[in-house]
Amino acid sequence: MIYTLTPNPAIDYNICCDGLQPNTVTRTRGAVYTPNGKGLNVSFTLDHYGVDTAILGFFAGFSGRYIVEGARELGVDVKPVWTEGITRVNVFLNAGPDTEYNMVNAGAAITAADEQAMFDLISGLEDLDCLVISGSLPPNASEGFRRGAIERVRAKGAQFVLDISSPQLAELLELEPLLIKPNDDELRDIFGIDVTAGDDASVADAMAELHARGAQNVLLTLGGAGAYFSNGEHLWFSNRTFDVEVRSTVCAGDSSLAAFLSIWFAKRDRVEDALRRSMATGVNVVECAGLGDFAHVEEYEKRIEVRQVK
């Protein structure tokens, strides 16, 4: 079973309008409320591809209940730790072509007792094969929360995956994650490494440094410019061969990670198939402005190029 941990989940409120002006009423349309959070998106995508998964997270108030109930209605189990406060609501506004406003709130604070409840929950998971730890921490979370969760996972002989934007990613590599999924901005901001799609030599050097620090495998996403994957021995590059109408980039990275895991976690030799599904799923999300129905993934997979760099 692949569990996902979203310490700071949210309701995502997606709306559209024809431009945004100050000090005036803006009429919006297409309102969609979605139980969300990076780990939740991973679990929803894994479930779509038939992989057993369940969601862990801290939840609070009416919005927390909405997320837990919504996820369960979608067929994905949730094992919540309930806290005080109100789980955050994030607003994503598409104001026209290539214009997107993302308003992300801080979230409900947690306590040391809440953290211990999560540690106990993880320690009690009898079917844990892998824990995907994604996203930000809520207010008042301790500096050692992620490490504490990872230690519980390792104590059970399970694997863990990291998809976080925190500078803490650099120090957590010493715990040897099965996989990390930085993007190019995170690679620069956290590790001081600049890479460019197509510059295979610089990417190979970057991957070598990440492996030396402890990462077993690396999926490096570059937005619309493609993605690289390295297992420490070989390096692959994947990219789409067609134009995409960008409606929203929300969820694209999370769904790409999950789609990759849906093949690669069980069959490590199917890297190219995993990369094609990963990129096709991300493109589908961008064009559907959300996880949608995955309607075009199979078609897109046929139009994704994958080459082995080394």
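Select Arg29 and Asp18: their side chains meet in a salt bridge, 3.1 Å from N to O. A salt bridge here is a side-chain nitrogen of Lys or Arg within 4 Å of a carboxyl oxygen of Asp or Glu. Arg29 lies in strand β3 (residues 29-36) and Asp18 in the loop between β2 (10-16) and β3, so the pair ties together parts that are eleven residues apart in sequence. Arg29 is partly exposed at 45% relative accessible area, whereas Asp18 is exposed at 68%. Buried means under 20% relative accessible area, exposed over 50%, and partly exposed in between (1.4 Å probe, protein chains only).

This is a predicted model, in which local features need pLDDT of at least 70 and side-chain atom pairs count only at pLDDT 80 or more, while totals for chains, interfaces and linings use all residues. Residues are numbered from 1 along each chain as its sequence is written, and side-chain values use heavy atoms, with hydrogens and water left out.

Next, select Asp254 and Lys38, a salt bridge whose closest N and O atoms are 2.7 Å apart. Asp254 belongs to helix α8 (residues 252-264) and Lys38 to helix α1 (residues 38-48), so this pair ties together parts that are 216 residues apart in sequence. Asp254 is buried at 5% relative accessibility; Lys38 is partly exposed at 29%.

Move to helix α6 (residues 184-191), where Arg188 and Asp185 are three residues apart, about one helical turn. Their salt bridge has its closest N and O atoms 3.2 Å apart. Arg188 is partly exposed at 35%, and Asp185 is partly exposed at 38%.

Then select Arg270, Glu272, Asp273 and Arg276, which are linked in a network of salt bridges. The structure holds 13 salt bridges.

For a loop, go to Gly223, between β11 (218-221) and β12 (227-230). Gly223 is exposed, with a relative accessible area of 60%.

Helices (H or I, at least four residues) and strands (E, at least two) are DSSP runs, numbered from the N terminus. The C-alpha trace spans about 50 × 50 × 35 Å along its principal axes. Buried residues make up 52% of the 310 residues. Among contacts (heavy atoms within 4.5 Å) between residues at least 6 apart in sequence, 66% join residues at least 24 apart.
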